[in-house]
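Morning, everyone. I have one structure to show you today, and I'll keep it brisk. Let me put it on the screen.

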Amino acid sequence: MSLIADTPKPPYYAVIFTSTRTEGDHGYVTTADRMVELASQQSGFLGIESAREEVGITVSYWSDLASIKKWKENVEHITAQKMGRKLWYGEFKLRISKVERDYGGDLKPKP
């Protein structure tokens with residue numbers, strides 16, 4: 001499985017979540033895994049990419065703004081958001097953008 005999401009032909013939307021973490025796990029990894037599992041079951045979800053060093057960046061891809069809104073209102077997701085503000089994040093920022101163009105692909109040689 002690729003670490004890069006296999007998205008459809010644009011347009012579609014990207015939700016870009018950047019954050020710094022506080023010390024300790026406090027259930028973060030388990031909840032983050034659950035959020036990916038839950039988001040992937042939502043209508044309009046297209047994929048996700050994530051990396052963490054000093055700053056974490058998670059980009060989820062969605063077919064439309066209505067799907068993003070519905071995900072934001074998911075009850076389990078709301079609980080995780082509250083935990084993030086209270087316990088897991090030193091700071092965070094969320095951005096939503098429309099993807100107009102994408103290009104690239106698998107650069108490994110084919111056997």
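Start with the contacts. Take those between residues at least 6 apart in sequence: 76% of them join residues at least 24 apart. Keep in mind that this is a predicted model.

Now the layout. The protein has three helices and four strands. Read from the N terminus, the order is β-α-β-β-α-α-β. Along the principal axes, the C-alpha atoms fill a box of roughly 45 × 35 × 20 Å. There are 111 residues in the protein, and buried ones make up 30% of them.

The accessible area comes to about 8200 Å². Carbon and sulfur atoms account for 57% of that. As for charge, count 16 positive side chains and 15 negative ones. The centres of those two sets lie 6 Å apart.

Next, helix α2. That is residues 65-72. Which residues of α2 are buried? They are Ser67, Ile68 and Trp71. Look down the helix axis and these buried residues fall within an arc of 100°, so they line one face of α2. What does the face turned away from them carry? Exposed residues: Ala66, Lys70 and Lys72.

So what do the buried residues of α2 pack against? Two of the partners are helices, α1 and α3. The others are strands: β1, at 12-21, β3, at 56-62, and β4, at 89-99.

Let me zoom in on serine 67. Serine 67 sits in α2. Is serine 67 buried or exposed? Its relative accessible area is 9%, and buried means under 20%, so serine 67 counts as buried. Which residues does serine 67 touch, once we leave aside its neighbours within four places in sequence? Ser43, Gly44 and Trp62.

On to the salt bridges. How many are there? The count comes to three.

Take lysine 69 and glutamate 73 to begin with. Their side chains meet in a salt bridge, at 2.7 Å from N to O. Glutamate 73 is partly exposed, with a relative accessible area of 45%.

The remaining bridges bring us to arginine 34. The side chain of arginine 34 meets that of glutamate 37 in a salt bridge, 3.5 Å from N to O. How are arginine 34 and glutamate 37 placed in helix α1? They are three residues apart in α1, residues 28-39, so about one helical turn separates them. Arginine 34 is partly exposed, at 27% relative accessible area. Glutamate 37 is partly exposed as well, at 42%.

Arginine 34 also forms a salt bridge with glutamate 76. Here the closest N and O atoms are 2.8 Å apart. Glutamate 76 has a relative accessible area of 36%, so it falls in the partly exposed class.

Arg34, Glu37 and Glu76 are linked in a network of salt bridges.

Two places to look at on the screen, then. One is the buried face of α2, with Ser67, Ile68 and Trp71. The other is the network of Arg34, Glu37 and Glu76. Thanks.

Technical notes: Residues are numbered from 1 along each chain as its sequence is written. This is a predicted model: local features need pLDDT of at least 70, side-chain atom pairs count only at pLDDT 80 or more; totals for chains, interfaces and linings use all residues. Side-chain values use heavy atoms; hydrogens and water are left out. A salt bridge is a side-chain nitrogen of Lys or Arg within 4 Å of a carboxyl oxygen of Asp or Glu. Buried means under 20% relative accessible area, exposed over 50%, partly exposed in between (1.4 Å probe, protein chains only). Contact means heavy atoms within 4.5 Å. Accessible areas come from the Shrake-Rupley method with a 1.4 Å probe; for residues, only the protein chains shown count as cover. Lys and Arg count as positive and Asp and Glu as negative; His and the chain ends are not counted. The place of a charge is taken as NZ of Lys, CZ of Arg, CG of Asp or CD of Glu. The arc is that of the directions from the helix axis to the C-beta atoms.
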